[in-house]
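Trainee: I would like to learn how to read a few features of a model. Please show me the structure.

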Amino acid sequence: MIAFLIKRTLQAIVVMFIISVISFSIQDQLGDPLREMVGQSVSEAERQALRDELGLNDPFITQYLRFAGKALQGDLGNSYFYKEPALSVILNKLPATLELVFGATIIIMFLSVPLGVYAAINPKSLLSSFIMGISIVGISIPVFLTAIFSIYFFSIHLGWLPSFGRGETVHMFGSWNTGYLTADGFRHLVLPCLSLASIMLPLFIRLIRSEMIEVLQSEYVKFAWAKGLKRRRIWFLHALKNTMLPVITVGGVQIGTMVAYTILTETVFQWPGMGFIFLEAVNRVDTPLLVAFLIVVGAIFVITNTLVDLIYGLVNPTVKLAGKG
């Protein structure tokens, strides 16, 4: 296990290095950050002086090495618009984004497993056909269309749920304010979480169904039937446990992906999270904020994948044995 952790740590360092290089490289392709900082009334000489002061005229290697040295100390630069450390701005918005991802993950877990298992156990039933048909539609519809439709139906037409904003929140610790502990905050979470979950829910239903069908045809399940075990024990103890192995692997990666997908969801619902502020940073050419966002999202991917590997090793002991061999 220690050797595995060391290996994963080294891989994480390499991945984060690549992410930092790519993130830092694209900032020059987004436009001139001085446009938003000083406007149009500043002379060209003053612009060049400010570029020299900010180090924007230095060679790429010099700029990157300076950036990397500060990044190792937790300094990703100051936001041009907010006049604050870019990392602090992103981390202040992180709780709102993570609450969306958490809510969407809970919805996916509690719906995909029973629906996928049912569709696998009863593949020819009318309800299974309906579930698989809806999943195809869900995969085909972009998240922003789902979000717009949900706003129209549940907010405008029925008037049940709010259409934008985060609602009332409760301060917990640090910069973390949660909407899960207030009725108004929870109501504001429902539509964004459902819209975000709609991206991955059809995928997980189809994945669980296909894996479950394959496991039910395996030899050890046939042996369990021959021993006369109860159906529920075979389905949910023998079959489902082995079905979840690939689901855990895919699920961990997709949960990290949802952090990036929140950009569209937060934009439609005007949700004050990382994705919403990322688009604002693009419009303002706030490059330190863009770089900080990409690095934080990259770190979430790396951490999530490492945890998935650890969980997979605990669920499937053969992984450990293979690693020792």
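Trainee: Which residue in β2 is the bridge partner of Val 170?

Mentor: Some conventions come before that: this is a predicted model, where local features need pLDDT of at least 70, side-chain atom pairs count only at pLDDT 80 or more, and totals for chains, interfaces and linings use all residues. Residues are numbered from 1 along each chain as its sequence is written, and side-chain values use heavy atoms, without hydrogens and water. Helices (H or I, at least four residues) and strands (E, at least two) are DSSP runs numbered from the N terminus, and two strands pair if DSSP finds at least two bridges between them. Here Val 170 is partnered by Thr 178. Strands β1 (residues 170–173) and β2 (residues 176–178) run antiparallel, joined by three bridges. Two residues lie between the strands of this hairpin, and Gly 174 takes a positive phi near 60°.

Trainee: Which residues of α4 are buried?

Mentor: Buried means under 20% relative accessible area, exposed over 50%, and partly exposed in between (1.4 Å probe, protein chains only). In α4, Gln 63, Tyr 64 and Phe 67 are buried. The buried residues of α4 fall within an arc of 95° seen down the axis, so they line one face of the helix; the arc is taken over directions from the helix axis to the C-beta atoms. Exposed Ile 61 and Leu 65 sit on the face turned away from the buried side of α4.

Trainee: At what angle do α6 and α8 pack?

Mentor: Two packed helices are described by the angle between their axes and the distance between the axes. Axes are lines fitted to C-alpha atoms, for helices over the stretch in contact, and angles run from 0 to 180 degrees between N-to-C directions. For α6 (residues 126–140) and α8 (residues 183–216), the angle is about 140° and the axes are 8 Å apart.
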